[in-house]
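The following note sets out points for a colleague who is reading the model alongside its sequence. The points go from the overall fold to individual residues.

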Amino acid sequence: MMKKINEKMRINLCRSLACLVVGLLSAHCHAAATNHEQVEEGAKKYLINQLNDNAQDTNIDVDIVKIDDRINIPECPTGFQYNASQEALSQSYISVRVSCKNNEWYLFTSGQVTRTKEIVVTQGAISPGTVLTSSNLTKAKVDVRRLRHTAFTDLESLIGARMKRRITDGQAIQSNMLCFVCKGDRITITAEIAGMEVKTAGIAQQDGVVGDNIKVINASSQKAIIARVASPEEVVIHL
């Protein structure tokens, strides 16, 4: 009888010890997972804060690469520190150094950065020579890495411009695709002299968007001048 009681006590003791070990291991794994998540979230917030300082009207999204669960991340009572070089912050993939003042531990993680901007895009396919109106323009968020030339954020400012090439539906409109004044156009030259305006006819010798300085021939004198594009019908010079 005594043997049975001892055997039962031994089995219960073994079970209790087993449960204690499993519990300790589970707590350890949970703490490790929490530290991994803390570092990943901290790196994301750090990058967003750094990038938003110079983002202006650009939207920033950061996707942090998951840290391998097998990597040991110790507790850091003073809080983890994050650092990335200025050169790295201009890239699409940014390496971030994570460290802790309490010890010499550190690791490098990285984040993939997507920069989008709401700009004017086409609404439907557009053929060369088409004059832009509000019906064939709309706005959408576009990855800025896809932009090679100046894009436009104001839809109204593009109305009246003429497309130089065929572009597809939803394509970002960039400065190299259009002209407000196109080579060969007959336009008005407005000369501003001491608060007065003098107007004469001219012929554009170059394509240009609003704000560009282009070469224009004065139709009366046949002299070439450089004037600033003000609209699809007018260029301006200051004398």
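This is a predicted model: local features need pLDDT of at least 70, side-chain atom pairs count only at pLDDT 80 or more; totals for chains, interfaces and linings use all residues.

## Notes on the model

1. At 75% relative accessibility, Ala194 counts as exposed. Its place is in the loop between strand 8 and strand 9 (196-204). Ala194 is not a glycine, yet its phi is positive, at about 50°. As background, most residues other than glycine have a negative phi.

2. Gln222 sits in the loop between strand 10 and strand 11. With a relative accessible area of 56%, Gln222 is exposed.

3. On the overall architecture, the protein contains one helix and twelve strands. Read from the N terminus, the order of elements is α-β-β-β-β-β-β-β-β-β-β-β-β. Of the 239 residues, 33% count as buried. The exposed surface comes to about 14900 Å², and carbon and sulfur atoms supply 52% of that area. Among contacts between residues at least 6 apart in sequence, 50% join residues at least 24 apart.

4. The largest nonpolar core has 26 residues, and the members that touch the most others are Leu132, Leu158, Ile173, Leu178 and Val235. Strand 8 (186-193), strand 10 (213-218), strand 11 (224-231) and strand 12 (234-238) each supply at least two residues of this core. Strand 8 gives the largest share, three residues.

5. Which residues does Val235 contact, leaving aside its neighbours within four places in sequence? They are Val181, Ile187, Thr188, Ile189, Thr190, Ile214, Val216, Ala227, Arg228, Val229 and Ala230. There is also a second, separate core of 23 residues, with Phe80, Tyr82, Leu89 and Cys100 among them.

6. The structure holds two disulfides. With bonded cysteines counted along the chain, their pattern is 1-2, 3-4. One of them joins Cys76 to Cys100, with an S to S distance of 2.1 Å. The link of Cys76 and Cys100 is right-handed, with 95° about the S-S bond. Cys76 lies in the loop between strand 1 (58-64) and strand 2 (81-83), and Cys100 in the loop between strand 3 (93-99) and strand 4 (106-122), so the pair ties together parts that are 24 residues apart in sequence. Both ends are buried: Cys76 at 9% relative accessibility and Cys100 at 4%.

7. The other disulfide is formed by Cys179 and Cys182, whose sulfur atoms are 1.8 Å apart. The torsion about the S-S bond of Cys179 and Cys182 is about 80°, so this disulfide is right-handed. Cys179 is buried, with a relative accessible area of 2%, and Cys182 counts as buried at 7%.

8. A search of the whole structure finds seven salt bridges. In general, side chains of opposite charge can pair when their charged atoms come close. Asp68 forms a salt bridge with Arg70, the closest N and O atoms being 2.7 Å apart. Asp68 is partly exposed at 33% relative accessible area, whereas Arg70 is exposed at 74%.

9. A salt bridge also joins Asp143 and Arg145, with the closest N and O atoms 2.9 Å apart.

10. Asp185 pairs with Arg162, the closest N and O atoms being 3.0 Å apart. This pair links distant parts of the chain: Asp185 is in the loop between strand 7 (178-179) and strand 8, and Arg162 is in strand 6 (residues 162-163), 23 residues away. Asp185 counts as buried at 14% relative accessibility, while Arg162 counts as partly exposed at 29%.

11. Lastly, Glu197, Lys199 and Glu234 are linked in a network of salt bridges.

Technical notes. Residues are numbered from 1 along each chain as its sequence is written. Side-chain values use heavy atoms; hydrogens and water are left out. A nonpolar core is a set of buried Ala, Val, Leu, Ile, Met, Phe, Trp, Tyr and Cys residues joined through side-chain atoms within 4.5 Å. Buried means under 20% relative accessible area, exposed over 50%, partly exposed in between (1.4 Å probe, protein chains only). Helices (H or I, at least four residues) and strands (E, at least two) are DSSP runs, numbered from the N terminus. Contact means heavy atoms within 4.5 Å. Accessible areas come from the Shrake-Rupley method with a 1.4 Å probe; for residues, only the protein chains shown count as cover. A disulfide is a pair of cysteine sulfur atoms within 2.5 Å. A salt bridge is a side-chain nitrogen of Lys or Arg within 4 Å of a carboxyl oxygen of Asp or Glu.
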